Amino acid sequence: MSDPQHDGIWEETQNSPEFKELKRRFRSFAFPLTIAFLAWYFLYVILTAFARDFVNQPVLGNINVAFVLGLLQFVSTFVIAWLYERHSSSKLDAPSEALRDKVEKGLGK
């Protein structure tokens, strides 16, 4: 069962400039990075599927280009997580906490 007072607070929050700015900050970071990562991932898949001569070239001993690119997929995942943590800490955490406090005050908590 929904409470009209609570529904009004959530609607007001979603329409507030603070919430819109928070969404903009998140999206301006997350969307480009997601697109870049997916492009990098699909490049890796396409290379391993269609450029076998290239990815089978040895780099060092039995280690070939495909193995190096596969390892770089893991590295890029950790770098993205680290970058997001930095972005979140510097640009998202304080405004989201302020918005949460405002909502909780409106809810009477």
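Phe 29 counts as buried, since its relative accessibility is 19% and the limit for burial is under 20%. This assignment, like the others in this report, refers to a predicted model. Tyr 84, by contrast, is partly exposed, with a relative accessible area of 33%.

Three aromatic pairs are found when the whole structure is searched. In one of them, the ring centres of Phe 29 and Tyr 84 are 6.0 Å apart and the ring planes stand at 45°, so this pair is classed as tilted.

Tyr 41 counts as partly exposed at 35% relative accessibility. Phe 42 is likewise partly exposed, its relative accessible area being 45%.

## Packing of helices H2 and H4

Helix H2 spans residues 17-50, and helix H4 spans residues 65-107. Their axes come within 10 Å and cross at roughly 175°. Because this angle is over 145 degrees, H2 and H4 are roughly antiparallel to each other. The residues of the contact of H2 with H4 comprise 19 nonpolar, seven polar and four charged.

## Secondary structure and overall form

Four helices and two strands make up the secondary structure elements of the chain. Along the sequence, these elements follow the pattern α-α-α-β-β-α.

The chain has a radius of gyration of 22 Å, whereas a compact globule of 109 residues would have one near 13 Å. Taken along the principal axes, the box filled by the C-alpha atoms of the chain is roughly 65 × 25 × 25 Å.

Of the 109 residues of the chain, 18% count as buried, and Phe 29 is buried by the relative accessibility criterion. Among contacts in the chain with a separation of 6 or more, 66% are accounted for by residues 24 or more positions apart.

How values were computed: Residues are numbered from 1 along each chain as its sequence is written. This is a predicted model: local features need pLDDT of at least 70, side-chain atom pairs count only at pLDDT 80 or more; totals for chains, interfaces and linings use all residues. Side-chain values use heavy atoms; hydrogens and water are left out. Axes are lines fitted to C-alpha atoms, for helices over the stretch in contact, and angles run from 0 to 180 degrees between N-to-C directions. Angles under 35 degrees count as roughly parallel, over 145 as roughly antiparallel, 65 to 115 as roughly perpendicular and the rest as oblique. Ala, Val, Leu, Ile, Met, Phe, Trp, Tyr, Cys and Pro count as nonpolar, Asp, Glu, Lys and Arg as charged, and the others, Gly among them, as polar. Rings of Phe, Tyr and Trp (its six-membered ring) pair if their centres lie within 6.5 Å; planes under 30 degrees apart count as stacked, over 60 as edge-to-face and the rest as tilted. Buried means under 20% relative accessible area, exposed over 50%, partly exposed in between (1.4 Å probe, protein chains only). The radius of gyration is taken over C-alpha atoms; the globule rule is 2.2 Å times the number of residues to the power 0.38. Contact means heavy atoms within 4.5 Å.
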